[in-house]
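The sequence and the coordinates are shown first.

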Amino acid sequence: MRISVCHCLDCKKRSGSAFSFQARWPNDAVVITGDIRRWSPVSESGSRAIFHFCPVCGGTIAYTIEALPGLTAIPVGAFADPAFPAPNFSVYENRKHDWLAILGDEVVHD
């Protein structure tokens with residue numbers, strides 16, 4: 001499992017926050033059931049993503065990204081677990097807000 005935060009503008013817009021926070025698993029370890037809607041934009045990096053979201057509340061349930069084949073990401077907020085592990089990757093830090101710090105000795109900053 002990879003746990004990461006992303007500071008790209010697309011993730012900020014999609015999440016409505018200063019960054020997105022997600023965990024990734026192999027596709028075969030994730031099962032999505034129930035009524036979902038899909039949205040498939042192309043990011044500023046040129047990679048397509050497929051977002052699965054709830055048609056009632058609009059919350060992102062999971063997503064895949066062409067640039068990371070074989071993996072499914074799930075927003076950590078969907079778990080509603082304050083004890084969920086901290087991120088070990090922080091990406092697009094050139095877009096990170098100056099007031100924000102992603103801390104931890106094990107975090108890879110990109």
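## Fold, aromatic pairs and loop residues

Residues 24 or more positions apart account for 44% of the contacts in the chain with a separation of 6 or more, a contact being heavy atoms within 4.5 Å. The model is predicted: local features need pLDDT of at least 70, side-chain atom pairs count only at pLDDT 80 or more, and totals for chains, interfaces and linings use all residues. Residues are numbered from 1 along each chain as its sequence is written, and side-chain values use heavy atoms, with hydrogens and water left out.

The chain contains 1 helix and 8 strands, in the order β-α-β-β-β-β-β-β-β from the N terminus. These elements are DSSP runs numbered from the N terminus, with helices (H or I) of at least four residues and strands (E) of at least two. The radius of gyration is 14 Å, close to the 13 Å that the globule rule gives for 110 residues, so the chain is as compact as a globular protein of that length. That radius is taken over C-alpha atoms, and the rule is 2.2 Å times the number of residues to the power 0.38. Along its principal axes, the C-alpha trace spans about 40 × 30 × 25 Å.

Of the 110 residues, 33% are buried. Buried means under 20% relative accessible area, exposed over 50%, and partly exposed in between (1.4 Å probe, protein chains only). The chain exposes about 6800 Å², of which carbon and sulfur atoms supply 57%; the areas come from the Shrake-Rupley method with a 1.4 Å probe. There are 10 positive and 11 negative side chains, and the centres of the two sets lie 8 Å apart. Lys and Arg count as positive and Asp and Glu as negative, without His and the chain ends; each charge is placed at NZ of Lys, CZ of Arg, CG of Asp or CD of Glu.

The whole structure holds 4 aromatic pairs. Rings of Phe, Tyr and Trp (its six-membered ring) pair if their centres lie within 6.5 Å; planes under 30 degrees apart count as stacked, over 60 as edge-to-face and the rest as tilted. In one of the pairs, the rings of Phe51 and Tyr63 have centres 4.9 Å apart and planes at 40°, so this pair is tilted. Phe51 belongs to strand S4 (residues 49–53) and Tyr63 to strand S5 (residues 60–65), so the pair ties together parts that are 12 residues apart in sequence. Both Phe51 and Tyr63 are buried. Phe79 and Phe84 form a stacked pair, at 5.1 Å centre to centre and 25° between the planes. Together with Trp25, Phe79 and Phe84 form one aromatic cluster.

Accessibility values for several residues follow.

| Residue | Relative accessible area | Class |
|---|---|---|
| Phe79 | 35% | partly exposed |
| Phe84 | 16% | buried |
| Ala80 | 67% | exposed |
| Tyr92 | 33% | partly exposed |
| Gly70 | 40% | partly exposed |

Most residues other than glycine have a negative phi. Ala80, although not a glycine, has a positive phi of about 45°; Ala80 is in the loop between strand S6 (71–75) and strand S7 (89–91). Tyr92 also has a positive phi, near 55°, and lies in the loop between S7 and strand S8 (108–109).

Gly70 is placed in the loop between S5 and S6. Leaving aside neighbours within four places in sequence, Gly70 is in contact with Trp25, Pro26 and Asn27. The C-alpha atoms of Gly70 and Ile32, 38 residues apart along the chain, are separated by 15 Å.
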